[in-house]
Amino acid sequence: MSSTLLFYCRPGFENDVRQEWSGRYSEDGRWESGDGYALLHLQQTPPPEALDAANWIFARQVLSVLGQVKLGERDRLSPILALLDTLPAGQRGPWSAAWLEHPDSDAGKPLSGFCRRFTPILEKALGERGLLLDNAKAPRLHLFFTALDQAWIATTDPRHASPWPLGVPRVRMPSEAPSRSTLKLAEAFMTLVPDADDRLKPGMVGVDLGAAPGGWTYQLVARGLKVFAIDNGPMKGNMAIHPHVKHLREDGFRFRPQHPVDWLVCDMVEQPVRIAKLIADWFVQGQTRHAVFNLKLPMKKRWLEIERCFGLIEGALDEAGLRYTLCAKQLYHDREEITCYLALTRSEQARRRRR
Ligand SMILES: C[S@@+](CC[C@H](N)C(=O)[O-])C[C@H]1O[C@@H](n2cnc3c(N)ncnc32)[C@H](O)[C@@H]1O
């Protein structure tokens, strides 16, 4: 059965979503895109895992399209309700929620005020028809406005979708953090690290490679970790004097801890392949259990570079017989880069403790 998928992404990375699809799946279809989104029209039903936003690097959200509506200037509600009425049973709701969204682009952002104002009107109409359920597992309805008079109507399964409107988590900028980069690591902990509160505990030890001025170090210290901050540049603010921070002016490619640590984070601006080899080596040498690191991508052939880096990491860890999880995302706070999370599985960590 034919189907259409709608991907939200950072503006300018629509072609990277397409490359990522081609790298993962042999089926292809007709693509169309606008700033901050891409649509894929397929002849068949997509593989179920393709609809899970967590599996995607360049897509912030993945939705199944139900239809497209043209909206009148005075009455926007009727065409939407009319389209919902034409859907086959099973696709017609009820819904756990209705989200009104727009592309995260210069052209899309002015639509946010309209989306906010129109949401209660749509919710009321859906509620009166018994189409809104108090059940978080029920599918979610999305209206994706590309203009005031045009919207794609789509759905997600909230259990496999990004839990944030537009696929963008809200992260508060802490006033004490010395750089805005801190938001990247905060977002990575929210987005990529399952049970982050359990895996980042007071008393643990972390290493921050390329730490200055200290935005990432701040995130670790805020969670109670003791941190070796490695950088030739200066740490700033509280991170320069904090008792839990040991700043070492060393080369991040040479530094190794005397004892294994719980966390390695790395934000050095370097060739992605060099970073990938370095991170893999820390795991193979048994020097960390978790890592969050950035890969600064080239302007072109970004997907190929990611495949190359992941191949290096997976090859090294497989050869060492380690069991691990590796995932990545182009975070909202990332620009020409992606953020990766690599961790030994819990059973591998237990095996290591028994040795
Ligand atoms: C993007 S900044 C890091 C920002 C930091 N994560 C923060 O949140 O404040 C990159 C840092 O990597 C450092 N760096 C680059 N190459 C390095 C190396 N070989 N060894 C140590 N630090 C390095 C630079 O001095 C710079 O401070």
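A polar contact is a pair of N or O atoms within 3.5 Å. I keep that cut-off at hand for the ligand. I also note that this is a predicted model.

**Entry 1: the ligand**

An oxygen atom of the ligand sits 2.8 Å from an N or O atom in the Ser179 side chain. I then checked the backbone. A polar backbone atom of Gly214 is 3.1 Å from an oxygen atom of the ligand. Next came a nitrogen atom of the ligand. I found it 2.9 Å from an N or O atom in the side chain of Asp251.

How much of the ligand's accessible area does the protein cover? On its own the ligand has 610 Å², and the protein covers 75% of that.

I listed the surroundings too. There are 16 residues around the ligand. Those that come nearest are Ser179, Gly215, Asp231, Gly252 and Asp267. I sorted the shell by class: six residues are nonpolar, six are polar and four are charged.

**Entry 2: aromatic rings**

I searched the whole structure for aromatic pairs and got 15. I took Phe7 and Trp56 from that search. Their centres are 5.2 Å apart, with 65 degrees between the planes. I logged the pair as edge-to-face, because planes over 60 degrees apart count that way.

Where do the two residues lie? Phe7 is in strand β1, residues 3–9. Trp56 is in the loop between β3 (37–42) and β4 (59–70). The pair therefore ties together parts that are 49 residues apart in sequence.

Are these residues buried or exposed? Phe7 has 0% relative accessibility, so I count it as buried. Trp56 is also buried, with a relative accessible area of 0%.

I followed Trp56 to another partner, Tyr25. The ring centres are 6.5 Å apart and the planes meet at 45 degrees, so this pair is tilted. Tyr25 lies in the loop between α1 (14–24) and β2 (30–34), so its pairing with Trp56 joins parts 31 residues apart in sequence. Tyr25 is buried, as is Trp56.

Which residues make up the cluster linked by ring pairs? I wrote down Phe7, Trp21, Tyr25, Trp31 and Trp56.

**Entry 3: an annotated span**

Conventions. Residues numbered from 1 in each chain as written. Predicted model: local features only at pLDDT ≥ 70, side-chain atom pairs only at ≥ 80, totals over all residues. Heavy atoms only, no water. Near = heavy atom within 4 Å. Polar contact = N/O pair within 3.5 Å; in protein donor to acceptor, adjacent residues only side chain to side chain. Areas by Shrake-Rupley, 256 points an atom, 1.4 Å probe, with all protein chains shown as cover. Nonpolar A, V, L, I, M, F, W, Y, C, P; charged D, E, K, R; others polar. Phe/Tyr/Trp six-rings, centres within 6.5 Å; stacked < 30°, edge-to-face > 60°. Helix = DSSP H or I, 4+ residues; strand = E, 2+ residues; numbered from the N terminus. Buried < 20%, exposed > 50% of the residue type's maximum accessible area, 1.4 Å probe, protein only.
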